[in-house]
Amino acid sequence: MKIIKASNYDEMSKKAAQVIAAQITLKGDSVLGLATGSSPEGTYKYLIDWYNQGDLDFSGITSVNLDEYVGLTADHDQSYAYFMRKHLFDHVNIDLANTNIPCGIAEDPAAECSNYDAKIKSLGGVDLQLLGIGPNGHIGFNEPGDELVAGTHVTDLKESTIDANQRFFASRDDVPRQAFTMGIRDILQAKRIVLVASGKNKADAVKKMVFGPITTAVPASLLQVHPDCTVVVDADAWSLCE
Ligand code: F6R
């Protein structure tokens, strides 16, 4: 695991964006694994800025997103499909036909999951996977538990995740209880991983991810065995590791 320390959220975002920009520049047809939530928003802002300056070209890029809430349509303003358009896709020259996000209202969830894994495989796998981390150590929506699921699946969100994400919804009751998520094998098979973590509420999870035992109780701790994983933290997220 390579650790890059930044002083604050903006610097963290810039450093993560630099790694992604290098990937896009060196391999114009990269498959990018993308994340949503507060952590990567700043990273996407930098990528959009550099695109606007003429330094980045997304025309050959394919994307696969980590997850989507069960029951939300792509035009629901808290769906991850909506998030991706708002925070990245609408602002760069990526071909929307080459963007992939599990369908939150799929009629056959099991088929949606196996088709998603088949899609990732058909693309030759993920070149670079961007991740955030949940305060409970989840990556994607692979929640802590006795075992982790390998491929894309529907998962029940932990109460702590519902608590953490209620800030995006009108009320806690509105937070979906389930989500589609890429599995732990899907994530670990990415050739490169970049995880961004910011804020004191991530400090405990970051410490366990980097220094704790490798355990399904902290899904992010499995990243310790990945051969090319870069963790970009701000000072608050790193505060328990000093
Ligand atoms: C989002 C995702 C989640 C988030 C995590 C942190 O696609 O897969 O694992 O990265 O819940 O969320 P934020 O960044 O909002 O704190």
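A: The model here is predicted, with pLDDT of at least 70 needed for local features and 80 or more for side-chain atom pairs, while totals for chains, interfaces and linings use all residues. Residues are numbered from 1 along each chain as its sequence is written, and side-chain values use heavy atoms, leaving out hydrogens and water.

Q: At what angle do helix α1 and helix α2 pack?

A: Two packed helices are described by the angle between their axes and the distance between the axes. Here α1 (residues 9–26) and α2 (residues 38–52) pack at about 60 degrees, with axes 8 Å apart.

Q: Which residues of α1 and α2 make the contact?

A: Contact means heavy atoms within 4.5 Å. On α1, the residues include Y9, M12, A16, A17 and I20, and on α2 they include P40, Y46, L47 and W50. By class, the α1–α2 contact has 10 nonpolar, six polar and three charged residues.

Q: How do the axes of α2 and helix α3 cross?

A: The axes of α2 and α3 (residues 80–87) come within 10 Å and cross at roughly 40 degrees. This pair is therefore oblique too. E41, Y44 and I48 of α2 meet F83, M84 and H87 of α3. That contact divides into four nonpolar, one polar and one charged residues.

Q: How many residues surround the ligand, and which are the closest?

A: A residue counts if one of its heavy atoms lies within 4 Å. The ligand has 14 such residues around it, the closest being S39, D67, H138, G140 and K202.

Q: What lies 2.6 Å from an oxygen atom of the ligand?

A: A polar contact is a pair of N or O atoms within 3.5 Å. At 2.6 Å from a ligand oxygen lies a polar side-chain atom of D67. G140 places a backbone N or O atom 2.7 Å from a ligand oxygen. For R167, a side-chain N or O atom is 2.9 Å from an oxygen of the ligand.

Conventions. Axes are lines fitted to C-alpha atoms, for helices over the stretch in contact, and angles run from 0 to 180 degrees between N-to-C directions. Helices (H or I, at least four residues) and strands (E, at least two) are DSSP runs, numbered from the N terminus. Ala, Val, Leu, Ile, Met, Phe, Trp, Tyr, Cys and Pro count as nonpolar, Asp, Glu, Lys and Arg as charged, and the others, Gly among them, as polar. A polar contact is a pair of N or O atoms within 3.5 Å; within protein, one must be able to donate a hydrogen and the other to accept it, and residues adjacent in sequence count only if both atoms are side-chain atoms. Angles under 35 degrees count as roughly parallel, over 145 as roughly antiparallel, 65 to 115 as roughly perpendicular and the rest as oblique.
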